Amino acid sequence: MKANYEKKMRHQLEERKQEIGELKNKAAQVETNLQLEYYTLVDELQVKLEVAEQKFHLLTQAGEDDWEEFKTEFEQVWNSMRELIKSINSP
């Protein structure tokens, strides 16, 4: 279970990196008055991704006793990041 979860989340982290790149491109193409808002949100998303990667690293290094705790911490950051992505993609 642990290995499958880690593999799945590693893949999803890579997908989020690509999505951030796409959002940066989208930000460059929107009207000037919206660009600052987009870039601010993308910057916030980048910070959340870095925190998620740090939490994921701790998760992969955790022993069986601590794994569930690190998983919970990682998922909190992950869910926060997903909600931000939703808000950016909403019209």
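View 1. The side chains of lysine 86 and glutamate 83 meet in a salt bridge at 3.5 Å, N to O, where a salt bridge is a side-chain nitrogen of Lys or Arg within 4 Å of a carboxyl oxygen of Asp or Glu. The model is predicted, so that local features need pLDDT of at least 70 and side-chain atom pairs count only at pLDDT 80 or more, whereas totals for chains, interfaces and linings use all residues. Residues are numbered from 1 along each chain as its sequence is written, and side-chain values use heavy atoms, with hydrogens and water left out. Lysine 86 and glutamate 83 are three residues apart in helix H3, which separates them by about one helical turn; helices here are DSSP runs (H or I, at least four residues) numbered from the N terminus. Lysine 86 is partly exposed, with a relative accessible area of 48%, and glutamate 83, at 45%, also counts as partly exposed, given that buried means under 20% relative accessible area, exposed over 50%, and partly exposed in between (1.4 Å probe, protein chains only).

**View 2. Other salt bridges of the model.** A search of the whole structure finds seven salt bridges. Among them is the one between arginine 16 and glutamate 19, whose closest N and O atoms are 2.9 Å apart; both residues lie in helix H1, three residues apart, about one turn of the helix, and both are buried. Another joins the side chains of glutamate 73 and lysine 55, at 3.3 Å from N to O. Because glutamate 73 lies in helix H3 and lysine 55 in helix H2, this pair ties together parts that are 18 residues apart in sequence. Glutamate 73 is partly exposed, with a relative accessible area of 23%, and lysine 55 counts as partly exposed at 25% relative accessibility.

**View 3. Helix H3 and what covers it.** Helix H3, residues 64-89, has 26 residues and reaches 37 Å from its first C-alpha to its last, close to the 38 Å expected at 1.5 Å a residue; the expected span of a helix is 1.5 Å times one less than its number of residues. The buried residues of H3 include Trp67, Phe70, Lys71, Val77 and Leu84, and what covers the buried residues of this helix includes helix H1 (2-29) and helix H2 (32-61). Lysine 71 also lies over the face of tyrosine 5, at 5.0 Å from the ring centre, where a charge sits over a ring if NZ of Lys or CZ of Arg is within 6 Å of the ring centre and within 35 degrees of the ring normal.

**View 4. Helix H2 and its buried residues.** Helix H2 has 30 residues and reaches 44 Å from its first C-alpha to its last, close to the 44 Å expected at 1.5 Å a residue. Its buried residues are Tyr38, Val42, Leu45, Leu49, Ala52, Phe56 and Leu59, and these pack against H1 and H3.

**View 5. An aromatic cluster of Phe56, Phe74 and Trp78.** Ring pairs link Phe56, Phe74 and Trp78 into a cluster; rings of Phe, Tyr and Trp (its six-membered ring) pair if their centres lie within 6.5 Å, and planes under 30 degrees apart count as stacked, over 60 as edge-to-face and the rest as tilted. By this rule the count comes to three aromatic pairs. Phenylalanine 56 and phenylalanine 74 form a tilted pair, 5.6 Å centre to centre with 55° between the planes, and since phenylalanine 56 lies in helix H2 and phenylalanine 74 in helix H3, the pair ties together parts that are 18 residues apart in sequence. Phenylalanine 56 counts as buried at 5% relative accessibility, as does phenylalanine 74 at 0%. The rings of phenylalanine 74 and tryptophan 78 have their centres 5.7 Å apart and their planes at 25°, so this pair is stacked. Phenylalanine 74 and tryptophan 78 both lie in helix H3, four residues apart, about one turn of the helix.

View 6. Leaving aside its neighbours within four places in sequence, leucine 45 is in contact (heavy atoms within 4.5 Å) with Ile20, Leu23, Met81, Leu84, Ile85 and Ile88.

Methods
Helix = DSSP H or I, 4+ residues; strand = E, 2+ residues; numbered from the N terminus.
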